[in-house]
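Me: Please take a close look at a single part of this model: the place where the two chains meet. Keep it brisk.

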Amino acid sequence: MSTETDARERLIDLAAQFYDQFERGSIPEMEVPTRSKSNIVFDEESNVWVYGDRTSTRSANSVRGAQKLLKAVYTIDFLADQLDQDRSSTLRELYYLSESWDVDDAQYNDQDESNQLIEDLEIVSGVTREDFHMRPEESGATVMGPLLLREQTRRGEREIHCQEDVGEGGYQIPNNPDTIEFLENEAEFVLCVETGGMRDRLVENGFDEEYGCIVVHLKGQPARATRRLTKRLHDELDLPVTVFTDGDPWSYRIYGSVAYGSIKSAHLSEYLATPQADFVGIRPADIVEYDLPTDPLSDSDVNALESELDDPRFQTEFWEEQIELQLDLEKKSEQQSLASYGLDFVTETYLPERLDQMNVV
Amino acid sequence: MPSSQSELGDTTGIAEELAADQRSISIAEFFEKNKHMLGFDSDARAVVTAVKEAVDNALDACEEASILPDIYVEIRDVGDYYRLVVEDNGPGITKEQIPKIFGKLLYGSRFHKREQNRGQQGIGISAAVLYAQLTSGKPAKITSRTRGRDEAQYFEVIIDTDENEPEIDQESTTSWDRPHGTRIEIEFEGNMRARQQLRDYVKHTAVVNPHARIELVEPKGSFKFERATDQLPAETEEIRPHPHGVELGTLIKMLEATDSYSISGFLQGEFTRVGSKTAKGIIDGFRDEHYGRAMTWTPPRSHEEADVEAALTAAVSNKGKAATADFASRVAERVGEFQRLSYHQLADVIDDVAGIIEEEYDVTFGTTVRENARSAAWRQILGGDADEAVRESLRGDLYGIIDEATSSRKDDAAIEGVADRLAAKFAGSDDNRHRFTRDEIADFVERSADATEEYDDITFGETARENVLEALWARMQTVPDDPPKVSAVAGDRDAASNLLAAMRAADIIAPPTDCLSPITAELVREGLEKEYAADFYAAETRDASVHGGDPFIVEAGIAYGGDLEEESAADVLRFANRVPLVYQRGACATTDVVKSINWRNYGLDQPGGSGIPTDAVVIMVHVASTNVPFTSESKDAIANVPEIESEIELALREAARDLKSYLNKRRSMQQRREKRNKLATVLPVMAEKVAEVAGREPLNIDDTMARIMNNVLVERERDGDVVRLVVENNSGTNAALEITDIASAEPSAVNGARVTEMDGEWFLSWEPTVESGDQAILEYELDASADVEMSVDGVEEAKLTVNT
């Protein structure tokens, strides 16, 4: 998207836009795409889901709108300073930092507000949060696999092999994975794993070594850095990407955000989503095929499944079939339910069979 | 009062004229034992009640003589007792009237008059006089001067409570500075613990009597309530009572007192809306109640066994063969012409024919002969000589009536059973003429139907029974007997009760309403403005309605804001015929209605959404009527009469709607002011920061501010499932907008929006016109997770801001 150097310029351009609006005597406003399920469309060119034409306006005509814009300007000022000084901060720090601003009206009411504003600024300026030097609180997820890379850290360059130079925990993905350069790769494919338990099982069983696989731990709904790195592994190293999650509607959304982009960051889909990513399982069909231990679907599970049927991202033959099957079964299964056939079942039987079927190995 | 003096006009003789209306009712002793009913149940309350009765009387006296009232009230602590002095500038009273008016309980002209009046029943001031006498033993001291007299007259009046006779202790002439008027002075046991009620009473009186000047002097303060208008209340027309509005006791008293001899004359002379036609209708009803109706039967037809002619021939003897035969055949022929006939119709026929025969044949048909003929013919009409034949004939007749009156699916056996049993009741009755009251017929039907259900095991339900009763009653005839005379009815409680029932049942047009004098909305408002420093006043006068036989008008007023107390429950001022009601607030229909209204809908604070609103508001209700229904003799609370409650509610709601639009306007003005202030602080800060960040010259933002203040703004707010579109027109002209919200789920409670569904999206459209400086709010409900987007047309883009 952008280089760091012009991130600051773009922010200042945004402030200059407000300046011009004032100077013309018009009412300052900022237009951003409506961030909702009904306003994402499939971009044929890039094969990802991006925002549609619908927009929302933040105008200084109302008190609410004026306060939003005031906060935006203060935030721009802060981000510009931060970039000037080559510092970084977390989203939460930004929220608390606003408390120190001299104008009460510029302070955030809650962190959702500041998070949302940062997203607004990303969209309007075309600069990613990472390039603003804003990072989320949680440390990024981890990677384990036959890959040598070089990371540009604040303390200098580091060359790291993601099997040999790391402990069992693996290599921790930095907040801005664009500071990484891939040096050598011996991997055949990428396997993104939802839960920590399954990731540890795969590492313990030596699955990464045996199959030449880069195991990416998603840690639930994946952070942007995780998704960005995954996309780069696919795009730059030409590795097939597969996603292995629990068999429930929430996990399908995890797959969805890896493959198609999330609704909240659809403006970054092109940068974060890996449309070629394939879903390994647990699939509703697996519940039947492997006779897995299950839990009944809760009401919210059913609602989530039904809502996915409406979600443009899931309107494919595969997903409609799977979701409808699951609604019929009224059951869900976890990744670790595979252990009902022994601890090695997943690495010796399930994954090899499935990945073979998917033409990955 | 010099000012009113000049307007006095020709009022000489009014006092004498009013005196002619007085009538006496003796219950002094009764009230001595029941003083609580009159509002003298405690020493504290006695002060308020005495003032109230004296002031009410004074105001009435002035108004009846078209004088702008100027009233002075003084309460002084004189050691053991309190002394009350009330002076008015009314026409004064004559020497002959003085003892009567002040001495005799229930002795006012008003008890017999239907006119909107404060006291209504004339027990007021005499009760105060009596109370004073009973507690202090001192007489009432009365000074009065009629117009044009050089001197005033002075009396001391004592009441003989055994005889209900006033006695004049002292009588003299005296000088008085008022050119005309009445002054009453009484001493009684009391205390000033009800000081607040007393002050409220006088203040509230001033509110609803803006034409009066009232001064109150009491031991701890004095108050002057000035006149706000020189306009006297419209003069009221006295009307006679309406037949639907009297009670049995009143009716009997009226019967006793009337000069009329006949009931018809009494009804037309003593009641309103009763002419000869209505009187006849009432009397027919009265006859039906009193004598019952006569049953009619179908006369025998030629194929039937019963034979009127033969029976008549046999019954008449010694009148010559030709005359007898002619008589019998003519009567039989005339009888045969009837579809159905009653005993008295038969009697008419026989008398008629007998008269003709007497003339033609020169014979005499005496009473006995005619009576024999009547019995014989009636027996044949009923069915024949044998009892069995009568029963059979009546059964057949009744079968037809019941069959017609009940549903077509009714079982034959049921009709048969009831007809048979009814026939037995008629045949077996003592009254050979078959005269029965409605109650008796109802009893016949009940018993016959019950027996049919019990013995024949067939249901005969309530509706069927009622239909049969109606059908029978419709076939019965009002008897030709003259109604009893007035004197007979007056002495017979049952007869009077029958008359009352007939009066109630008669269809009579509503009483005229020109006997009422509402304060008028304009003066209600002025009265409130005069006594309450508020920001907003609303008033409403409803059209007249009728309850029972009495017309009434409800008025409501609301004062809001200003100096009124915000945190406490609203003051509810209750008035009946311009008299403030001070006690028993909780028992009053007015209070009930105020509490039942959801005042939050009108923008007032009301904890819990019911009860008296807690806000800076005074709520006033005035009920004017020729007969305000009170819950008790002390006239503290208006009874819960549905017609009156409904009018009170409508009046309050109308006034409240004005309040609401005032509050809305005020709120939106305030919001805009707040917004202006807020933007005036936020935008300069933003402009400064923008200039700083952009590294450019400081900005002048006047144009932007001006534009914001002249724009049309459409904003969407979402609060849970509620979606609120606020349209704010800051421009100088009206804005006619077309607003469309496109929702991803089905909206509900759309408040007049046009909703169209297309491909799983719902289009909600409004076309509001918002006046310059005004705002409109469009609300609907939509699942909180659903998406909405808006499009707005009708205002050029440069002048429109949409904020979603």
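Reply: Chain A and chain B bury about 3,200 Å² between them, 61% of it on carbon and sulfur atoms. Buried area here is the accessible area (1.4 Å probe) that two parts lose on being put together, summed over both. Of the area that chain A buries against chain B, A:Y19, A:F22 and A:N61 supply 25%, more than any other three residues. The contact (heavy atoms within 4.5 Å) takes 37 residues from chain A and 38 residues from chain B.

This is a predicted model: local features need pLDDT of at least 70, side-chain atom pairs count only at pLDDT 80 or more, and totals for chains, interfaces and linings use all residues. Side-chain values use heavy atoms, without hydrogens and water; residues are numbered from 1 along each chain as its sequence is written, and chains are lettered from A and ligands numbered from 1 in the order in which they are written.

Seven salt bridges cross the interface of chain A and chain B. The rule asks for a side-chain nitrogen of Lys or Arg within 4 Å of a carboxyl oxygen of Asp or Glu. One of them joins the side chains of A:R64 and B:E715 (3.4 Å, N to O).

On the side of chain A that touches chain B, the elements giving two or more residues are α1 (4-24), β4 (55-59) and α2 (63-84) of chain A. Helices (H or I, at least four residues) and strands (E, at least two) are DSSP runs, numbered from the N terminus. α2(A) gives the most to that side, with eleven residues.
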